[in-house]
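Dear colleague,

Please read them with the model open beside you.

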Amino acid sequence: MVRKRLSCRLCIMGSRRDLAIAKRMAPGPAAAYERVEADLDDPFQHNRPLASIRPAPGDPGFDVRWTNCPRCFVPVLANARQDERFCPAHASTGPWRVLSATEPSTSCGQQPSLFDASRLA
């Protein structure tokens, strides 16, 4: 099931299908919107409360976490089921952007000190 439009995930102009996908992918924010909707006694869309839309079937939302590339220690987002995740420069698929046309990149060029490692713990 694919969304039909690019917008905020819980957009007041979204279709029923888009909102059902958003509720599946982001159940926490959807529940928060529903609480506000109930507190204000005002539907999310004209004549359509968000609470009336069931989450779309399929895999749940993204399960990601921050980790460090094992080679250069640059923070990268990894799927929570992955034991390790390499940065684009060290991934098996190669760098996203080669820094020099004559010499392939062996490093991502980012310095780990640029990032606050304490937020990754």
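In what follows, buried means under 20% relative accessible area, exposed means over 50%, and partly exposed lies in between, with a 1.4 Å probe and protein chains only. The model is a predicted one, in which local features need pLDDT of at least 70 and side-chain atom pairs count only at pLDDT 80 or more, whereas totals for chains, interfaces and linings use all residues. Residues are numbered from 1 along each chain as its sequence is written, and side-chain values use heavy atoms, with hydrogens and water left out.

Let me begin with the helices, which, like strands, are DSSP runs numbered from the N terminus (helices H or I, at least four residues; strands E, at least two). Helix α1, covering residues 16-25, is mostly covered, since seven of its 10 residues are buried; these are D18, L19, A20, I21, A22, K23 and R24. The buried residues of α1 pack against α2 (27-40), where contact means heavy atoms within 4.5 Å.

A salt bridge is taken here as a side-chain nitrogen of Lys or Arg within 4 Å of a carboxyl oxygen of Asp or Glu, and the structure holds one. In this salt bridge E34 pairs with K23, and their closest N and O atoms are 2.6 Å apart. The pair links distant parts of the chain, with E34 in helix α2 and K23 in helix α1, 11 residues apart.

I then turned to the cysteines. A disulfide is a covalent bond between the sulfur atoms of two cysteines; the criterion applied is a pair of cysteine sulfur atoms within 2.5 Å, and by this rule the count comes to zero. C69 is in no disulfide, the nearest cysteine sulfur, that of C72, being 3.8 Å away, and C69 counts as buried at 0% relative accessibility. For C87, the closest cysteine sulfur is likewise in C72, at 3.7 Å, which is too far for a bond; C87 is buried as well, with a relative accessible area of 2%.

C8, by contrast, is exposed, with a relative accessible area of 58%, and is found in the segment before α1. Between C8 and A22 there are 14 residues of sequence separation and 9.2 Å in space, taken from C-alpha to C-alpha.

With best regards
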